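Subject: Structure for your review

Dear colleague,

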Amino acid sequence: MAAWSPAAAAPLLRGIRGLPLLHCAQRMFASQTEGELKVTQILKEKFPGATAVQVTDISGGCGAMYEIRIESEEFKEKRTVQQHQMVNQALKEEIKGMHGLRIFTSVPKH
């Protein structure tokens, strides 16, 4: 096997599957999967006041099951089931392609 060199890596770094170089580099070194990033982005858009959003693919990386931890003032004075319904509603379209979802919600402590 030949040694790695920048010249040999150049075609790969131009873009995988037509994606821009920056995106490819981020995916090579990112600790989150594309699914985790997408769900995180949606939750941050739907809950702009959230002080913490953590999404973990617990299906081994295939995107079939996620664990979500979200902390937001929007959950204040709502029962846990209502908080979870809010998260489910925010992810309504994404949930259609999932097998399961674990949701942990909380209100920030001041």
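Which residues does Ile70 touch, not counting residues up to four places away in sequence? In this predicted model, the residues in question are Leu43, Phe47, Ala50, Ala52, Val53, Phe75, Val87, Phe104, Thr105 and Ser106.

Ile70 also belongs to the largest nonpolar core, which has 14 residues. Among the members with the most contacts inside this core are Ile70 itself, Val39, Leu43, Phe47 and Val87. Helix α3, strand β2 and helix α4 each contribute at least two residues to the core.

Helix α3 runs over residues 34–46, and its 13 residues reach 18 Å from the first C-alpha to the last, close to the 18 Å expected at 1.5 Å a residue. Its buried residues are Glu36, Val39, Thr40, Ile42 and Leu43. Seen down the axis of α3, these fall within an arc of 165°, so they line one face of the helix.

Val55 is buried, at a relative accessible area of 3%. Beyond its neighbours within four places in sequence, Val55 is in contact with Gln32, Glu36, Val39, Thr40, Leu43, Tyr66, Glu67 and Ile68. Val55 and Thr40 stand 15 residues apart in sequence, with their C-alpha atoms 6.1 Å apart in space.

With kind regards

Key: Residues are numbered from 1 along each chain as its sequence is written. This is a predicted model: local features need pLDDT of at least 70, side-chain atom pairs count only at pLDDT 80 or more; totals for chains, interfaces and linings use all residues. Side-chain values use heavy atoms; hydrogens and water are left out. Buried means under 20% relative accessible area, exposed over 50%, partly exposed in between (1.4 Å probe, protein chains only). Contact means heavy atoms within 4.5 Å. Helices (H or I, at least four residues) and strands (E, at least two) are DSSP runs, numbered from the N terminus. The expected span of a helix is 1.5 Å times one less than its number of residues. The arc is that of the directions from the helix axis to the C-beta atoms. A nonpolar core is a set of buried Ala, Val, Leu, Ile, Met, Phe, Trp, Tyr and Cys residues joined through side-chain atoms within 4.5 Å.
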